[in-house]
Structure formats: C-alpha cells, structure tokens
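Trainee: Could you show me how to read aromatic pairs and the packing around them?
Mentor: Gladly; let us look together.
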Amino acid sequence: MKENVQKFGRFLSGMVMPNIGAFIAWGVIAAFFIEKGWFPNATIAGMVGPMLQYLLPVLIGYTGGRAIGGQKGAVTGALATLGAIASTDSTMFIGAMICGPLGGWCIKKFDEKMEGHIPAGFEMVVNNFSVGIIGAVLAILAIFVIGPVCVGLTGILEKGVNLLVNNGLLPLTAVLVEPAKVLFLNNAINHGVFTPIGTDQALSMGKSILFMIESNPGPGLGLLLAYCVAGRGETRSSAGAAAIIQFVGGIHEIYFPYVLMNPIVILGPMLGNVVGIFVLSMMGGGLVAAASPGSIIAEMLMTPPGGYVANIAGIAAAAVVSFLISAFLLKMFGKDASLEEAQAQVAAAKAASKGQAAPTGGSNTGATVDPKSVRKIVFACDAGMGSSAMGATMLRNKLKDAGITDIEVVHAPVSEIPGDCQIVVTHHELAHRAVASNPAARVIPIKNFMGAPEYGTLVDELVAARKGGSDPAPAAKAEAEVKKPVDESKVLLRKENIILGCKPVTPEEAIKACGRLMVQAGYVTEGYIDGMLARNEEFPVAIGCHVAIPHGTNESRVHIKENGIVVMTYPAGIPWDEDVVKLVIGIAAKDGGDHIDVLGRVTETAGSDEDTDALVANADVEALYKKLNGLE
C-alpha cells in the first residue's frame, strides 16, 4: 500500500512540480489584481482565467507526456489535454493528468512498433505525422470521453457536500470539501453552496460558520509548513513562499499541487479542517459575509465584534492538526523510490543489455549518447564537494582497472554541470535538475554514490563500445601518473579530529557531533551545523557502504573559516535513511579541492560494506591518520 501510494504520488509530482513556478505566477496575479484582490486591475486580472483554464492544464499535460514518451510524447499529451479543456468550462487539471501520460504512452508504443521499419530519410515525416495524427485522435477522445468523465466525478463530490450540509454534519463536510478543493471546485463549493446558505444565516443571526468551511486558510497553511519541515528538495524550498501566498494572499489553489505530489497527505488538511470546524462550532465562530479571497486578512475583516478569539482559534487548530498529520505522512511516505527512478533504472538496464545508451523516455534520463563518443563523465551532487567527489573517484578507479584512460571523470554541483560532458551521474532526486542543467548529456540516476550497481553497468557498456577500437596509449598515461608527495604540515585531517568507538546516536546527533568537532577545531562557526542538518534533510548524506559524509549547504559555506575534515567511527552502526552508517566523515570545504584527496582514499579503503566494517573494527588513530592523509 505504502509503495503504491508513493509511486502514484511521485508520478503526479513529476507532472506538477516542474510547473510550480507557473502556479505561483498565477497565484500572485490572482491575489493582487482580481476584483477582490489587494490592488484590483481588470486588465492584469484578465490573465487569471486563461492561465487557469488553458495554460496550467496544458503545461501539466505536456510534462506528463514528456515523462512517458519524451519530446514527442510531450506534444501529443498537450494536444490530448486541449481536447479535455474544450469539453467543459471546468478546470481540467485532472483531465490533464490523464491525457498527458496517455499521449506519451501512445506515442511511445507507436515508436516501439515502428522501430526498424522506417525507411531511411523518412524518419522526420513519420515522427511528425505520428504525433499529429495520434494527438488529434486523443484530443477528440478527450472531448467526448475523458472530459465528461472528469466532470461527472467532480459533480459527485459537489452533491456529497450538499448532502452533508443539509443534514447538519458540519465537521464531516471537510471530508469532501478538501478533496473537492484539490479538484479546483473550491469556488463552486464556497459560492455555489456555502455562500447562499450562509447569507441567510447571517441575515438572521449576524454571522455564519458556513463562510469559514472552505475559506479557512489554516488547513492549507499547516500542509505547506509541513513541507517546509519534512519536504525534500524543490518542494521544501518552494513551500515557504507558497505558504505566504496561501495564508496572506488567500490563494488556496497554491497548495493543491503539493497534495497531488503525495495524495495521502490530503488527510492532513482534511482532518485539520474537521478539527477547525469543530472548534468554531464549540466557540461560536463565524463570519458576517463570505471571505474572498480566503486569506487571514479577509477572515479578520469579516469577523463580527467579539468573534476574533473563536475564529483565530478555529484557524489555528486547523493549521496545527494539518501540520502534524501532514508532517508525519511526509516522513512516512516521502523517502521511498519514485516511479521516475524505477523507469530510469529499467531503461538503463535495457540499454545495457543491448550495449546501447539509455533511451530518452523519462524526464530524468536526458539525451541519448553513443558510448563510443564519451570523453567526459560528471558526477553531480547539490554542492559538488562531497558525495559526488567520492563517486567520481570510484568510477575513475573502475575505468582505470578496465583499461580505459581516455575518459575524464570529474565532479560538480548539479547546477553547474559542464556543457562538454556526455554523461552525468547523480542522485535520483537530483536527476531532473541535471537534465535541466545539461539537456545534451545522458543522465544516470543512482541511489547512493558508494555502492551503486550502475557503475559496473556503465563500465561494461563503455568497455564493450571500445572493443575493436584503440585506447590512446593507456600504458603511457598510466606511466605518466605520479603521486604527489603529501606535506604533513598541511594535512586536512588532524589526529585530534579522529574520534573512535562512538556510541550509537541518531543521524541528527551524529551530524551535530561532527559539527561541534569542526567548530572546536576552528574549521567553522556554529552556523555551519544548521547547514549540515539542512543538507541531510534535503538529500541524506549517507552515501552507501556504511559511510556518511555530513557537510553543509552552499549557503552555509559562509560559516567556513578554513578547509578541514573530521572522522568519527560508530562500530555498532547508526540506522541512517536506508543504510547503516559506521564511518562518519565531516567536511568543511570553502574552496579548492584539497579534501578530494582524502575522500578518494576513503573510496579506496571503504569500497564495500565489508571493507568499511573491517576499517572501523580495526580502527587506530595513527593508522587512520596516515591512511586517509596519504602518509603511508
């Protein structure tokens, strides 16, 4: 159940998250310039309807099609989505999430059937006509089938809300209101159901709680704050701005994509709203008129005299409950393998079995590259100084052992991937950023940088591609390699910064211990520790083979005083993400690549779980000092 929910949520995330900037742009324009916004402007507000009706659904359909069928799938998915849009005046986000992947799947299957059967010189003609014909057929299908089905489903939800309201089951209305809002029925529910009934109540009683059932900004605020704390990558970094737009601007639609990324988190806003309505009922909360937009400012403006305590309590209760439940669900369901990752791994394995590069098909596999043309491979991580450096060292050694010395292997931040590389290896959660950074390169997603099976597959692929070719003087190159002597006065790892036999702690406590040791050594200031914790929250620093390399975010480098490394061993092991860590290496690297030599030696001595276990079990300060500093 957990795996299926996560796969479904991650697939939706793959369609929605790349377009979150468009959602934010729409939210900002709506919050400020619609008739009831803060700075009404009819001309600017004229964009709000077309963006919601056409732009956002087409973007989602385009992205969903691309995730399944590459660029051709993207165009086909967008065409099919336009058919769903043309079928109704309702917003077709759900239709786009069906039409986009359907278009990608259809064009992908067509290409598979036609593989090897297209006469030379007719490839472009077949490609263009296949997209046009299949897209047109799907658009017509969407008009008469997909669109009406989506409208029917949303209509059922609207009737359910009416039933609960008419039977006095107010708190339970949230059970249908929150899912219906995510389907962009919020305005229909609020103004079509609650506002007419609430107006009658307000005329007779001076206020109505019905005005706050849909417009309460608490549930959405709680969900977005949960993403700020328990989210990962782009979702975490964008949730803060979305929370401000939602709570202050009253644009609830801004948090809907965050629900679609992990559908199970709808339970957070749902139960949060249930509790909020209950508190409002108990304390006599309500508004004198509809709050539009549903912001905290509008809620307070529509609060009758004497009702502020009740209304604030209802909003706060909804936010707290939504936050706690959403954060728990994100922690439980937010770290499993994604459908995108599985698709990429299958594509890579299929390509390797044919001795070819992975085909373009997923959003994280990048371009198709001829293995014979590979001359530069880049390992990319978020900062480009820790896990990617170790992965680069491991692959460099494997290539050398296989007799391949004409391929340069380097490491870099995922946002600064060199344009002259042919292959990028990166963590699967960074794969989409790697594609955006260098669309011309083939991207290989991995789960850890130390023991990734993809290394062996890639080396075998490159060796097979070079059979029959000539390696440019490997012997001469190997002979020319001379190890640089190490100046013991300039080593990054000092004996006093090697702590052995530590007792098991949590990953967070281990990171703090590393940070405190680096502060004590004079490498960093206290602020760097927060950066180390933030880095682990975004992308776990456990890199496989029972090794973790805590280091700070790019922003936290301002707290680094000088480059340095600390080492701590935990013989009993620390459960860390999906690994058990026994060797923890804290890194402070402001500039330069001095620390890379130390990390390279770690990969040589801790290249497997067994190697690391043996290293830790037999650890000796003097021996580790010499081994990791290259003084042996």
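Mentor: Rings of Phe, Tyr and Trp (its six-membered ring) pair if their centres lie within 6.5 Å; planes under 30 degrees apart are stacked, over 60 edge-to-face, and the rest tilted. By this rule there is one aromatic pair here. This is a predicted model, where local features need pLDDT of at least 70, side-chain atom pairs count only at pLDDT 80 or more, and totals for chains, interfaces and linings use all residues. Residues are numbered from 1 along each chain as its sequence is written, and side-chain values use heavy atoms, leaving out hydrogens and water.

Trainee: Which residues form the aromatic pair, and how is it described?
Mentor: A pair of aromatic rings is described by the distance of the centres and the angle of the planes. Tyr227 and Tyr258 are edge-to-face, 5.2 Å centre to centre with 65° between the planes. Tyr227 sits in helix H9 and Tyr258 in helix H11, 31 residues apart; helices are DSSP runs (H or I, at least four residues) numbered from the N terminus.

Trainee: Is Tyr227 buried or exposed?
Mentor: Buried means under 20% relative accessible area, exposed over 50%, partly exposed in between (1.4 Å probe, protein chains only). Tyr227 is buried at 1%, and Tyr258 is buried at 0%.

Trainee: How many residues has the largest nonpolar core?
Mentor: Such a core is a set of buried Ala, Val, Leu, Ile, Met, Phe, Trp, Tyr and Cys residues joined through side-chain atoms within 4.5 Å. The largest has 41 residues, and Tyr227 and Tyr258 are among those with the most contacts inside it. H9 gives the most to this core, six residues.

How values were computed:
Helix = DSSP H or I, 4+ residues; strand = E, 2+ residues; numbered from the N terminus.
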